[in-house]
Amino acid sequence: MHISVVGTGYVGLVTGTCFAEMGHTVTCVDIDAAKIDGLKQGILPIYEPGLEDLVLANYKEKRLRFTTSLGEAVQETNIHFIAVGTPPGEDGSADLQYVLAVARELGRTMVADYNVVVDKSTVPVGTADRVRAAVQEELDKRGSTIKFDVVSNPEFLKEGAAVDDFMRPDRVVIGVKDEQAAKLMHELYAPFMRNHEVIVTMGVRDAEMTKYAANALLATKISFMNEVAALCERLGVDVEQVRKGIGSDSRIGPHFIYAGAGYGGSCFPKDVKALLRMAQENGLDAWLLDAVERRNDRQKQRLFDKIGHHFGGDLKGRSFGLWGLAFKPGTDDMREAPSLVLIGELVQAGAKVLAYDPVAHETARRELPAEWFDNGSVRFVEHQYEALEGADALVLVTEWKPFRNPEFATIREALKTPVIFDGRNQYDPEQMTELGFVYYGIGRGKAGG
Ligand SMILES: NC(=O)c1ccc[n+]([C@@H]2O[C@H](COP(=O)([O-])OP(=O)(O)OC[C@H]3O[C@@H](n4cnc5c(N)ncnc54)[C@H](O)[C@@H]3O)[C@@H](O)[C@H]2O)c1
């Protein structure tokens, strides 16, 4: 099948590439000419494990094409995925300007007799109707009788494991009314269903809500655990033991119950906000979602609070070695990363930050004021231990694998004072004490207070 995918970000590029890998012919479209030029030269705009090899191989085989022109892409395609950003607007609702711009452009340009427009972007309930109206308006202007349906096909991939998730999805949700569109979507996903059939077909609005409900529930689990962690600290309880104790309960499950420095990324924060906004617009008090968000905002300050408390409230002239910048391991995505909040607070308090991340230096640099680099408040280093040279403490913010089992002797030697703030509970408090560190985790009872 020939398809177009509009937007070559984390979702669009992975979607297009994985469809191409399964034998479909895919044209990826982006308005960012630099991204498209780079992709044509084999330079990826994002880091995602395993993606580069697939892009290069499929581009070489001409199953994957790149263009800035949607008009060009739709000449040969009749299934069009919209995978552009839906960032939060000022009031927290999803900003649909990019989605609707693509819809209008599709209406202006599509040529096939019958088309399926697929909303893959995360969009509020009712968006498919707005997309349909936008496409139709442009078709009417052309006096065109072209037929089309709008389908909701939310994406559930995780950054850092996006290719694997797309290739072996837990489920594929397809919100669809029309039978012809449903049939085409099933054919499209058929290569991913060889071992297990996991397509869940439902109404369009049901599918739109499913995506928000999934992300909001995962965010809720994290905030819940962070709240439990705060109580654990007061009561001398180790939240890691509690996590193991509850995670083995099949009704609860082991995932997304890790206490830490707060959730970030492009999805949870914005999707919780958008769902809250949907509730408000429909006259509903979404107390739980409100609390989830407030707990997370608070959580992003926990490391700074602990650091400030340890050093008696005065951080002027101190320096801190940060391990991890990306919002989670496996990605270079810095959107809403807890590290940004921490770095900002440390710099405001007069401290210096030496930071190391395996892949996110470039994206992180774009998120921070240039003057902090110019005046030496923030510096990125090439090796994890270099970040600790003469630092007052190690602060672990993102649990990349190389940070999980580091050389503690090297850490001790490098640090001015042997203090570790572990924002992801990677280390064992007792072992840390035995090794001579002052250790702070999140919710680790006496050791993490
Ligand atoms: N990132 C994730 O892990 C993830 C997971 C599931 C769902 N989603 C959702 O998928 C959508 C895309 O997210 P993302 O992280 O891939 O975004 P992104 O910001 O990484 O990429 C969006 C891309 O769309 C391009 N674009 C914007 N307007 C365009 C237009 N008119 N024509 C062509 N290209 C255009 C941008 O240049 C950019 O390259 C969002 O709605 C997001 O909520 C994201």
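# Close-up views of the predicted model

**View 1. Gly175 is in contact with Val151, Ser152, Met202, Gly203, Val204, Asp206, Ala207 and Glu208, leaving aside its neighbours within four places in sequence.** Contact means that the C-beta atoms of two residues, placed from the backbone, lie within 7 Å. The model is predicted: local features need pLDDT of at least 70, side-chain atom pairs count only at pLDDT 80 or more, and totals for chains, interfaces and linings use all residues. Residue numbers start from 1 along each chain as its sequence is written. Gly175 belongs to strand 7 (residues 172-175); strands (E, at least two residues) and helices (H or I, at least four) are DSSP runs, numbered from the N terminus. Gly175 is buried because 26 other C-beta atoms lie within 10 Å. The cut-offs, with C-beta atoms placed from the backbone, are 20 or more other C-beta atoms within 10 Å for buried, 12 or fewer for exposed, and anything in between for partly exposed. Between the C-alpha atoms of Gly175 and Val151, 24 residues apart along the chain, the separation is 5.7 Å.

**View 2. Val198 lies in the loop between helix 8 (179-189) and strand 8 (199-202).** Val198 has 14 C-beta neighbours inside 10 Å and therefore counts as partly exposed. Not counting residues up to four places away in sequence, Val198 touches Pro169, Asp170, Arg171, Val172 and Met193. Pro169 is 29 residues from Val198 along the chain, with 7.6 Å between their C-alpha atoms.

**View 3. Helix 1, with 12 residues, reaches 16 Å from its first C-alpha to its last.** This is close to the expected 16 Å at 1.5 Å a residue, where the expected span is 1.5 Å times one less than the number of residues. Helix 1 is largely enclosed by the rest of the structure, because 12 of its 12 residues are buried. The buried residues include Tyr10, Leu13, Thr17 and Glu21. They pack against strand 1 (2-6), strand 2 (25-29), helix 3 (51-60), strand 3 (64-67), strand 4 (79-82) and helix 7 (162-167). After helix 1 comes Gly23, with a positive phi near 105 degrees.

**View 4. The ligand has 26 residues around it, of which Gly7, Gly9, Val11, Ser121 and Thr122 come nearest.** Helix 1 (10-21) and helix 5 (97-109) are the elements that give two or more residues to this shell. The shell divides into 12 nonpolar, 9 polar and 5 charged residues. Ala, Val, Leu, Ile, Met, Phe, Trp, Tyr, Cys and Pro count as nonpolar, Asp, Glu, Lys and Arg as charged, and the others, Gly among them, as polar.

**View 5. Domain 1 (2-202) and domain 2 (236-448) divide the chain.** The bounds come from an automatic or database domain assignment. The C-alpha centres of domain 1 and domain 2 are 34 Å apart. Contacts join 17 residues of domain 1 to 15 residues of domain 2. On the side of domain 1 that touches domain 2, 10 residues are nonpolar, 4 polar and 3 charged.

**View 6. Leu231 is part of helix 9 (residues 204-235).** Leu231 counts as exposed because it has 12 C-beta neighbours inside 10 Å. From Leu231 to Gly445 the C-alpha to C-alpha distance is 8.8 Å, across 214 residues of sequence.

Key. A residue is near a molecule or strand if its C-beta atom, placed from the backbone, lies within 6 Å of it.
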